[in-house]
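Hi,

Here is the model I promised to pass on.

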Amino acid sequence: MPPPCAGRCQTLMDDRTPHRDSKLFRAERPVESLDAAPREQEFGALFQEHSAGLLRYALRLTRKSRDAEDLVQETALSAFEHFDSVKDRTRCRAWFFQILTNRWRSKQRRFFRREFRDLPLEDALGEVDGTAEETNSEDRRIESIDHRRVLEGLGRLVPEMQQVLWLADVEGFALREIAEMTGCALGTAASRLARGRASLRRVLRELDPELFSDKGSSR
Amino acid sequence: MRPPLSFECIEARRELLLESSGPKHAALVLAEKHAAECEGCRRFVDRERATAQLLREAAEQEAVPGPVIPVVLFESQRTLTRSASRRVRAGLTAAALLVLGVTAFFVSRRFSRADAVEAMVADHLHYRGAEPRPAQVVSSEPAVLESWAARELGFHPKVERPAGYDLLGIRSCTISGQKVALVFYQKGHCQVSMFVGDPSRWPALPATAARSGVSFVTGTYRNLVYAAVGDMQPEELRELIPHATSDAMRNGITQRLIDSILFEPASLSQSLRIDWSWLREERA
């Protein structure tokens, strides 16, 4: 005999919400049985706290403010619908980001299919080129790059790398959380992070070759 | 060719990368110790941190558009802002609302169809060009708006998104004592307000009207009344009413076809505007 929540569980298993085996998600009781007002109150406070970060992340993924707003709206509605399934409310931030990531991914799937080939983590842990002095000099030049140029550089990376870089370096999520959010293995997330950072540095060098020439070093 | 990394270096770098933001444990302590002694690993870690810092600072400086307030927040904020002192006054407010409600009920019963048109046009003119737009849900996805209306208002309007129009969002409002869905559109600089309500509780509305320089067009689709108000021609507004034109046209043609075939075959060509003169000429 199926459990009483069988239908609901099936609904929750689609790509809009975290998988029911996820640590962030526990299907326990139907939404209808709960008192609406305190639930809305709690959800509202939590979502509002993280909405700016979510919007910024959505903007990074979609590149269009209207699409980003739509994505956040859909995330809010989906999260609100399944809010009672979250046992640990302290992890709601990761859960919101996970829902947003899943929704974006499913939207992407609708429009195009593209295979991204991940490399083993060991390949991303390579040596840093040049001597210590050269490295320090390059780091100083990179630090002087305008923030818009940095974000432009980030936008040139493949979406999978952008996603991991943003979640790790901007939002400060641990790689284990990112792996869960993006639905990949921990090693894959780490590989994307290391390769993403290396790619970002390379793209920044390409975007501003003058800065990295000997002439540019005097700036 | 560069020599491959030693096993210790790979392990240390992997550990430092994986656990950079997690709690410290023995393996991480060992990795940090290794990085302190190994120049290559130290540079690797420094570079990773520098890139992360660069990205974090760039993101912090990026301007973010205005906050999105989803409908669930709209409702919950109202609850959150209710302080203890407000609760004391809640009784008085409830009494006042009751009086207002009773009055509104009797007033709404006296509403004529002209009043409903005036109310919709006035609402449109009042919020025209308002920034931020007074939508409770901001979305360009018809499905999102339809599901919200179904949940909040108890009926399921069909939200169209014809080419050339931007779908902006939805809110609920009260017209002639009835809670209706108000969908916002934009076409170029022109804004359109589309009111959707239950016809049984709404007085019969004119098919087309013009008030205060704006056009007003209505149509019925699947037992719901759609009333569009905007600064454009009625024909343009009619595009937003779900299948109103096509349904009407289709029904009209079908009826005329049936009439023609059953009762008056000669009028068939007239109904379909078929020119049979070439056949007559050929026969002649």
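**Confidence first**

In this predicted model, the lowest mean pLDDT among the elements of chain B belongs to helix 10 (residues 266-272) of chain B, at 42, and the highest to strand 7 (residues 224-230) of chain B, at 90. Here pLDDT is the predictor's confidence in each residue, from 0 to 100, while helices (H or I, at least four residues) and strands (E, at least two) are DSSP runs numbered from the N terminus. Averaged over chain B, pLDDT comes to 72, with 64% of the residues at 70 or more. It stays under 50 over residues 67-85 of chain B, a stretch with 40 contacts beyond four places in sequence; a contact needs C-beta atoms, placed from the backbone, within 7 Å. Residues 244-276 of chain B are also below 50, and that stretch has 14 contacts beyond near neighbours in sequence. For the complex, the predictor gives an ipTM of 0.70 and a pTM of 0.48.

Some housekeeping: residues are numbered from 1 along each chain as its sequence is written, and chains are lettered from A and ligands numbered from 1 in the order in which they are written. As the model is a predicted one, local features need pLDDT of at least 70 and side-chain atom pairs count only at pLDDT 80 or more, whereas totals for chains, interfaces and linings use all residues.

**What I found in chain B**

Chain B has 11 helices and seven strands. Of its 284 residues, 29% count as buried, that is, with 20 or more other C-beta atoms within 10 Å of their own, those atoms being placed from the backbone.

How do helix 1 and helix 3 of chain B pack? Helix 1 (residues 7-18) of chain B and helix 3 (residues 39-61) of chain B have axes 10 Å apart, at an angle of about 20 degrees (axes are lines fitted to C-alpha atoms over the stretch in contact, and angles run from 0 to 180 degrees between N-to-C directions). So the two helices are roughly parallel, a label for angles under 35 degrees. Among the residues making the contact are Leu16(B) and Leu17(B) of helix 1 of chain B, and Phe44(B) and Val45(B) of helix 3 of chain B.

Back in strand 7 of chain B sits Ala227(B). Ala227(B) is buried because 27 other C-beta atoms lie within 10 Å. Leaving out residues up to four places away in sequence, Ala227(B) touches Met120(B), Phe195(B), Leu205(B), Phe216(B) and Thr218(B). Its C-alpha atom is 8.6 Å from that of Gly197(B), 30 residues apart along the chain.

Cheers

Definitions and conventions: A residue is buried if 20 or more other C-beta atoms lie within 10 Å of its own, exposed if 12 or fewer, and partly exposed in between; C-beta atoms are placed from the backbone. Angles under 35 degrees count as roughly parallel, over 145 as roughly antiparallel, 65 to 115 as roughly perpendicular and the rest as oblique. Two residues are in contact if their C-beta atoms, placed from the backbone, lie within 7 Å.
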